[in-house]
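Please walk me through this structure, beginning with the chain as a whole and then turning to its aromatic rings.

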Amino acid sequence: IPPGPFDQEPCKVGHMRGRVQPSWLLTIASLPSPLVQRSGASMGASEPALWLELADTELEIVTRVWIDTVVVGLNLCPFAQKVRGDPSRVVIARTESDCAPLDMVRGEVERLARLDPDEPATTFILLPDEAIADFDEYMERIARPAEELADQASGGSVQVVFFHPRASWGDAAESDAAQYTTRSPVPMLHLLRSRDIERAEDAWVAQHEHARGGIPDIQAVNAAYLRGIGTARARALWEESFAKALGDH
């Protein structure tokens, strides 16, 4: 890790404005779209923030259930298991300021840089604070500064993917099932090494290099699948993470 950026006070990292969907997503990919389109209720801004009622242990359980049963268990992302490490590292940042989550990002970037580059490793940083229950607040106060900090501190070797229960991208409606591509049970940041991302992307390309019509775009596949099952089913998968985790707990 190059010297310098870690000495910068993280709360002074410049905020990046605008809402642009990440260039790639290691979530909900490669399933064929069902033929029946169903409609359902959306996860709007007025929905209750279920994660605010959970203790730290419960938050971790819900997150691991979501990863294991939805992202990996249903094979929604066929290469997530190889990229994430086993088990995934889950840490929780409860704070009354914006600085502590960014300090944690800095520490996790340092940790990822020290690990064997040939071993898969990622970190999920959970952010269960009411102040960022709104997606725009989350993006402005935490997500964009964390993205810039991770890039500066790691020299581009660590990237940040954004997940939030109320995530809403682009011009699509909040009720669009495709929005569930990045809707997690708890607001979080997912830190991944660029090397692992490149390997996953290479595997995706190799898997589809002979596909008719060329290599499919992961985001397009995500959106097509989710719109195929409909918003009601997409949200049900999200809610099942709470039901399964808390039922077992």
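Predicted model: local features only at pLDDT ≥ 70, side-chain atom pairs only at ≥ 80, totals over all residues.

A residue is called buried if its relative accessible area is under 20%, exposed if over 50% and partly exposed in between, using a 1.4 Å probe and protein chains only. Residues are numbered from 1 along each chain as its sequence is written, and side-chain values use heavy atoms, leaving out hydrogens and water.

The chain has six helices and four strands, taken as DSSP runs numbered from the N terminus (helices: H or I, at least four residues; strands: E, at least two). From the N terminus on, their order is α-α-β-α-β-α-β-β-α-α.

Five aromatic pairs are found in a search of the whole structure; rings of Phe, Tyr and Trp (its six-membered ring) pair if their centres lie within 6.5 Å, and planes under 30 degrees apart count as stacked, over 60 as edge-to-face and the rest as tilted. One of them is the stacked pair of Phe135 and Tyr138, 5.9 Å centre to centre with 25 degrees between the planes. Both residues lie in helix H4 (residues 135-154), three residues apart, which is about one turn of the helix. Phe135 is buried at a relative accessible area of 4%, and Tyr138 is buried at 0%.

Phe135 also forms an edge-to-face pair with Trp169, at 5.4 Å centre to centre and 80 degrees between the planes. This pair links distant parts of the chain, since Trp169 lies 34 residues away in the loop between strand E3 (158-163) and strand E4 (188-193). Ring pairs link Phe135, Tyr138, Phe162 and Trp169 into a cluster.
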